[in-house]
Amino acid sequence: MPVLRAGKEQMYMNNADDITNEEFDTKSLYQIGYGLYVLTTRDGDKDNGCIVNTVMQVTSTPPLIAVVVSKQNYTCGLIQKTGKLNINSLSESTPFEVFKHFGYQSGKDTDKFAGYSPERSANGLIILPKHTVGYLSLEVERELDFGTHIQFMCTPVEGKLFRMTIFAPYASTELPILNRFNGGAAISRFKPK
Ligand SMILES: Cc1cc2nc3c(=O)[nH]c(=O)nc-3n(C[C@H](O)[C@H](O)[C@H](O)COP(=O)(O)O)c2cc1C
């Protein structure tokens with residue numbers, strides 16, 4: 001059995017470069033597809049949003065959605081505290097600025113919604129109709145602690161589809177078909193700070 005030597009903080013699949021060996025080519029992980037979402041939360045008067053790809057419908061009856069968030073993210077503590085979140089699924093035409101704004105800075109240091117007059121779902125959390133396919137309002141049922149990350153198992157309590165369009169894909173931009181997305185911007189090749 002090969003020993004997989006994970007990096008100190010192997011947070012996302014593209015950080016797995018340091019565990020490539022003969023048996024396991026970490027690029028093989030690129031075959032798993034994801035969408036991209038702005039996950040919105042709110043604590044008191046402060047709203048926050050961060051980019052996530054790790055969202056999955058686990059069961060249909062009853063509907064359960066799994067969302068995985070790094071403990072390093074401000075978002076993680078807000079979900080733990082409030083038990084509420086919205087996921088806003090980004091469309092393929094989402095400008096890179098949106099990913100930069102929500103995915104490359106932390107709500108610990110900045111107010112990402114300063115100056116915005118956003119729309120809200122019934123739970124009071126922000127929704128982003130302009131760039132999204134739709135949204136789901138979720139309530140946390142259970143948390144699973146994976147050390148670096150928490151997996152939140154959630155029930156949808158509200159949801160809307162704004163338009164049927166192509167989702168922003170999270171996968172290797174080395175795949176030719178995905179190079180069309182944002183002009184081939186290296187969105188999914190990012191390495192967290
Ligand atoms: C394309 C992309 C995908 C990401 N996917 C995730 C994810 O699935 N889970 C996660 O916890 N962070 C993910 N991140 C990182 C967070 O968006 C990033 O750390 C953000 O700054 C956290 O903001 P916060 O501290 O305000 O919560 C992703 C970032 C990008 C750019």
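Q: In what order do the elements of the chain run from the N terminus on?
A: This is a predicted model, in which local features need pLDDT of at least 70 and side-chain atom pairs count only at pLDDT 80 or more, while totals for chains, interfaces and linings use all residues. Residues are numbered from 1 along each chain as its sequence is written. Helices (H or I, at least four residues) and strands (E, at least two) are DSSP runs, numbered from the N terminus. Here the order is β-β-β-β-α-β-α-β-β-β-β, with two helices and nine strands.

Q: What share of the residues of the chain count as buried?
A: A residue is buried if 20 or more other C-beta atoms, placed from the backbone, lie within 10 Å of its own. Of the 193 residues, 30% count as buried.

Q: Which residues in the largest nonpolar core touch the most other members?
A: A nonpolar core joins buried Ala, Val, Leu, Ile, Met, Phe, Trp, Tyr and Cys residues through C-beta atoms within 7 Å. The largest has 31 residues, of which Y37, L39, V52, V67 and I87 touch the most other members.

Q: With which residues is Y37 in contact, leaving aside its neighbours within four places in sequence?
A: Contact requires C-beta atoms, placed from the backbone, within 7 Å of each other. For Y37, the partners are V52, V55, I87, N88, S89 and L90.

Q: Which residues come nearest to the ligand?
A: A residue is near a molecule if its C-beta atom, placed from the backbone, lies within 6 Å of it. Of the 25 residues around the ligand, C50, T75, G103, S106 and G107 come nearest. β2 (46–52) is among the elements that give two or more residues to this shell, and β2 gives the most, with four residues.

Terms used
A residue is buried if 20 or more other C-beta atoms lie within 10 Å of its own, exposed if 12 or fewer, and partly exposed in between; C-beta atoms are placed from the backbone. Two residues are in contact if their C-beta atoms, placed from the backbone, lie within 7 Å.
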